[in-house]
Amino acid sequence: MDIRKNVHKILENFEVTDLPSLPQVLVELVESCYRVDVTFEQYAAWIEMDPGLTAQTLSLLGASSRGTPARVTSLASQLKTLGRDTLKALAVSAAAREARASTGATAVSVGFWRRSVRCAIISRMLAAATGYHSPDEAYLAGLLHNLGQLVYETIQPQAYRALRGKAQRDTQLLLLEREQFGAGHTDLGASLIETWGLNSFMADAARYHHQPLGYVLDAHPLVQVVFLANLLSRGESRPLEKGFEAAEQLFGLGQGALVDLISKAGDAVAEVNRKVDLPPARGGEHERRPNAGSASDASARLAGKVAEIALLDGVRPRLKRASDRTALLRALARSACLILGNRPALFFLPEPATGVLTGLNPDRDDDLAGELKILPERGGSLICRALDQRRLLHSFDEGAQPLAVIDRQIISLLDSSGMLCLPLVGCDARLGVLVMGVDRAQLPRLQRQRTLLEAFAAEGAAQLKSIEQPPAAAASVKLEPDSADERTRQIVHEVNNPLSIARNYLQVLSMKLGAGHPASKDIEVIEEELVRVSELVLQLTELPDVGSDPERETVAVNSLITNLLRVSRDALLLPKQIEVELELDEELPPILSSTGSLKQILINLVQNASEAMSQGGRLKIRTRDWHRFDATPFVEIDVSDDGPGIPREVEARIFQPLTSTKGEDHAGLGLSIVKKLVEELGGSIGYQSSAEAGTSFRVLLPRVLGERRAPVI
């Protein structure tokens, strides 16, 4: 039996995004994605509660680090490389797929989830007890040790459940899987993990966790930890006896220590159950009867969250179409009515000079609200408290301080029995408060929709800030001296790039011609003039700013890269004995972008790589079409070197202007310029760096297709 070939056939039409997730976990993750104050550690905490979500995230991390395998010892630290928008896309797409399913969590999926989480928790505890360097990696490996079973549950649900019903032991289940499907769940899970390109023995932990004890006595510690955790997490007497024996032989752990560890793991599992609102297991680890009410409630909540997301996504274009502040405020008020029902709305916005909050009815210029003014420093009004605390408040809170007279006047204007105060706050600004009339009967709905309302307010604040401080207006303001200096240094840096290439190329040409060639003198003169131009440029102190919206045209990215290397290879790479490896996706279509900006981005990245490999090395440039999840598709460009990596002290400010480690005559501005250019093109840039593997920069550009007939290269 060719198991590898069978696995390939089974996974041929399978996507890791097809894996189901527990609706209870998805509800919490989606809510987290629409809060402005959630940390990456909090995102990771929810993702790590679910094998399906964890698998999708690790797959995405592996895809984003092709060529430089990711060592995922801590999921929270790695999530930062993906960014909040990608995490939001992951959560929303998973929620939408789960909400479209006809049923909620099945009996087997709940049992599978419980055992996976239990094994993960025990793996982390064992790793800590045995001195393994990364308990977090052990947790992830334990969570995914039975990933192959989840794959079978996804692609062959009825047949696989029937098969599980026939098996009395895991070893028997493996034999039945290989007989019926051509591969066991250990083969399937390990092979899927391997496709992610992680720098870890996580795949082996999944592959070998059902092997006899004698086979793993010399295995990597991660494999041993998950092997033992699997035995201890099954909740049956015979595997538990085997677990005690294995613990003694593998790690010298006695039965007393294990009993204490298992007890603590049970408490931890119960805490996770509580967080996701699952009752304790009633039928042991192989529970087959679901809690129908719990599953139904969770699925209904998830469907509600998906509906809220659709509502918010429908509101966003309406806000973006607003051409001025009045139009935006009207759009905000009417969009709020869509969410809360047809309720009256007012705004209280700070006056620029004094900060006094002044009432405004966007639909009536002569409304009495315009005569109401609130002094923020007095802080007595519910509106001031909402703005100061940066959170939604309502007038029915029994424990709050009594309403001020002006609050009661506003409620009267709104013709309601109470009011809701929704602050419009950005990361660095308090732009006002949206006030709506509400009744006490609406409180339960308000509590359910709090996350949606806060996300809506954040979206409104962002649009309000962009209208009140448009980029064009900001660009027309006279630059302060420091800002002008920084812009000048950036331009000087960019001018010096082509000058440096020209000087290097002349040196190569001089070596080719030989010292006695008649043109040698001419080359020396040209070099001297280039040096003089460089010195003149460095004397510049004032230059006008340039526009930040590059003109788009059709760009054949692969051709542009090939032509750039043809020009710069001799000047930048050959003198340092740097080899070039190209891995260009032949299916990559032309895209709408800026040729000039993209050239500037690439020449900076290539020059940085060249300067990092002063003693020679390998430069690799790779392109790839990007098709991931339901978010906007991207084109990916990777520029990698095998130099010494980026110093730790530089990494902290890698995309900020700083003094470079490349010498006193180099401003260290290249990457700050690259980041700005990439963002102007609507893309993003990230990197990975280590002393062993070198540095890899990944640029993602919007995959907006251009004309194939006349590409600009």
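Which residues of the largest nonpolar core touch the most other members? In this predicted model, they are Leu58, Leu79, Leu126, Leu147 and Trp196, out of 136 residues in that core. Helix α7, residues 107-130, gives the most to this core, with ten residues. In soluble globular proteins, nonpolar side chains tend to be buried together.

Helix α27 covers residues 595-612 and has 18 residues. From its first C-alpha to its last, α27 reaches 26 Å, close to the 26 Å expected at 1.5 Å a residue. Of the 18 residues in α27, 13 are buried, so the helix is largely enclosed by the rest of the structure. At the N-terminal end, α27 is capped by Ser594, through a side-chain oxygen and the backbone nitrogen of Ser597.

Is Thr695 buried or exposed? Its relative accessibility is 6%, and because buried means under 20%, Thr695 counts as buried. Thr695 belongs to strand β13, residues 694-702. The side chain of Thr695 makes a polar contact with that of Ser689. Beyond its neighbours within four places in sequence, Thr695 is in contact with Val639, Ser640, Asp641, Gly645, Ile646, Gln688 and Ser689.

| Pair | Atoms or groups | Distance |
|---|---|---|
| Ser594 and Ser597 | side-chain oxygen to backbone nitrogen | 3.2 Å |
| Thr695 and Ser689 | side chain to side chain | 2.9 Å |

Terms used. Residues numbered from 1 in each chain as written. Predicted model: local features only at pLDDT ≥ 70, side-chain atom pairs only at ≥ 80, totals over all residues. Heavy atoms only, no water. Helix = DSSP H or I, 4+ residues; strand = E, 2+ residues; numbered from the N terminus. Expected span 1.5 Å × (residues − 1). Buried < 20%, exposed > 50% of the residue type's maximum accessible area, 1.4 Å probe, protein only. Polar contact = N/O pair within 3.5 Å; in protein donor to acceptor, adjacent residues only side chain to side chain. Contact = heavy atoms within 4.5 Å. Core = buried A, V, L, I, M, F, W, Y, C linked by side-chain atoms within 4.5 Å.
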